[in-house]
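Morning, everyone. Please bring up the model on your screens, and we'll walk through it together.

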Amino acid sequence: MIEKQQSLPCIVCDKPLEAFPEYILQPNDAVMCRTTGNYGSTVFDPIFTGDTLHFNICDECLVAKSDSIRMTTGGYQPVRVTGIKMPSIWGSRKANITEPEKWTLGEQSELNPHNMHISEVMAHANDKDYSWNAGEDLGKWVNAAIAETLEHVFKTE
Ligand SMILES: [Zn+2]
């Protein structure tokens, strides 16, 4: 039996939180928050040191304090490769970040991928606005996906 570990308590109500066994900072029934600090804070503003503060807020407090929470969307958009046997998310591309808006319970964005045909992928292999899960193996992924798709087409005809 896996022994339950304690995560950091909720920073708002001090409720103890249970951690996932694999990662002690990640709690059940709460969100984990981290900040690298920022200009404006007089107590935590390290510059490029990598120092990061971690804290948790339980789901109950998140809902109770929702008037004080803002949500933005964006920064990146998933890229779904199409024209292959199994269209799937292969990476992401840069996207604009929306203006902060009030967050309400249950509000989160629908998955809104950018669809890219397999024939277009290599044209963006070194495009700095794109990040590919396959990294330097992107060409191998493209060739394997095309081969798998062709094999599937011939098998089903
Ligand atoms: Zn709480």
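Which residue in β11 does Arg93 stand opposite? Tyr130. Hold on to that pair while I set the ground rules.

This is a predicted model: local features need pLDDT of at least 70, side-chain atom pairs count only at pLDDT 80 or more, and totals for chains, interfaces and linings use all residues. Residues are numbered from 1 along each chain as its sequence is written. Helices (H or I, at least four residues) and strands (E, at least two) are DSSP runs, numbered from the N terminus. Two strands pair if DSSP finds at least two bridges between them.

Now the whole chain. The protein chain has 3 helices and 11 strands. From the N terminus, the order is β-β-β-β-β-α-β-β-β-β-β-α-β-α. The radius of gyration is 21 Å, well over the 15 Å that the globule rule gives for 157 residues, so the protein chain is more spread out than a compact globule. That radius is taken over C-alpha atoms, and the rule is 2.2 Å times the number of residues to the power 0.38. Along its principal axes, the C-alpha trace spans about 60 × 45 × 35 Å.

Burial next. A residue is buried if 20 or more other C-beta atoms lie within 10 Å of its own, exposed if 12 or fewer, and partly exposed in between, with C-beta atoms placed from the backbone. Of the 157 residues, 11% count as buried.

Contacts too. Two residues are in contact if their C-beta atoms, placed from the backbone, lie within 7 Å. Take contacts between residues at least 6 apart in sequence: 53% of them join residues at least 24 apart.

Domains. The assignment gives domain 1 (19–68) and domain 2 (74–156). Those bounds come from an automatic or database domain assignment. The C-alpha centres of domain 1 and domain 2 lie 29 Å apart.

How many bridges join β8 to β11? There are 3, and the two strands run antiparallel. Gly91 stands opposite Trp132 in β11. Gly91 in β8 is also the bridge partner of Val79. β7 and β8 pair in the antiparallel sense over 7 bridges. Their hairpin has 5 residues between the strands, and there Gly83 takes a positive phi near 80°.

Now the core. A nonpolar core here is a set of buried Ala, Val, Leu, Ile, Met, Phe, Trp, Tyr and Cys residues joined through C-beta atoms within 7 Å. The largest one has 9 residues: Val79, Val81, Ile84, Trp90, Met116, Val121, Tyr130, Trp132 and Ala145. β7 (75–82) and β11 are the elements that give two or more residues to this core. Look at Tyr130 again. Leaving aside neighbours within four places in sequence, Tyr130 is in contact with Val79, Gly91, Arg93 and His124.

Over to the other sheet. An open sheet of 3 strands runs β1-β2-β3, with antiparallel pairing. β1 (5–6) and β3 (23–27) stand at the edges, each with a single partner strand, so one side of each is left without a neighbour in the sheet. β2 (residues 18–20) and β3 pair over 2 bridges. Ala19 stands opposite Pro27 in β3.

Phe20 touches Gln26 and Asn28, not counting residues up to four places away in sequence. Phe20 and Ser7 are 13 residues apart in sequence and 8.1 Å apart in space, C-alpha to C-alpha.

Asp14 sits in the loop between β1 and β2. Its phi is near 70°, positive in a residue other than glycine. Asp14 is exposed, with 8 other C-beta atoms within 10 Å. Phe48 is in the loop between β4 (30–35) and β5 (53–58). Phi of Phe48 is near 55°, again positive in a residue other than glycine. Phe48 counts as exposed, with 6 C-beta neighbours inside 10 Å.
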